[in-house]
Amino acid sequence: VGGNGDNRTRYAQAPCEPGHYCKGGVKNVCPDGVYGRKAKLQDPKCNGYCPPGHACPKGTIKPLPCAPGTYATGGAYSCSQCPGKPPTGPSRQTCFNSRKCCGY
């Protein structure tokens, strides 16, 4: 807590909040492809890699589920668009963790 603009001086230390990890007293955002659900993380992998069927952009606390018409393999920072033209009507997509799930 506190310090000057270079983030190297401080007068107290606060626990690192979710979506971040702290190393050497410096707070860092959890990188793309991982998530940080808990506070006080110290590893750049935060809580772990994003699970399949979800996206984890920088600073993710809870993995974001892929929307119909998209999919993601593990460790993804965004969901990928299914190839081809999406069908009209209700989605036939039965899973979101592989391109094979797209169903068209």
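This is a predicted model: local features need pLDDT of at least 70, side-chain atom pairs count only at pLDDT 80 or more; totals for chains, interfaces and linings use all residues.

Reader: What makes cysteine 66 and cysteine 79 a disulfide?

Author: Their sulfurs sit 2.1 Å apart, and the cut-off is within 2.5 Å, so the pair counts as a disulfide. The structure holds 6 disulfides.

Reader: Why is the disulfide of cysteine 66 and cysteine 79 called left-handed?

Author: Its torsion about the S-S bond is about -90°, so it gets that name.

Reader: What does the pair tie together?

Author: Cysteine 66 is in the loop between strands S6 and S7, and cysteine 79 is in the loop between S7 and S8, so parts 13 residues apart in sequence are tied together.

Reader: How do you know whether cysteine 66 is buried or exposed?

Author: Buried means under 20% relative accessible area. Cysteine 66 has 7%, so it is buried.

Reader: And why is cysteine 79 called partly exposed?

Author: Its relative accessible area is 24%. That falls between the 20% and 50% cut-offs, so partly exposed is the label.

Reader: What makes cysteine 95 and cysteine 101 a disulfide?

Author: Their S to S distance is 1.7 Å; the limit is 2.5 Å, so they qualify. The torsion there is about -100°, so this disulfide is left-handed.

Key. Residues are numbered from 1 along each chain as its sequence is written. Side-chain values use heavy atoms; hydrogens and water are left out. Helices (H or I, at least four residues) and strands (E, at least two) are DSSP runs, numbered from the N terminus. Buried means under 20% relative accessible area, exposed over 50%, partly exposed in between (1.4 Å probe, protein chains only).
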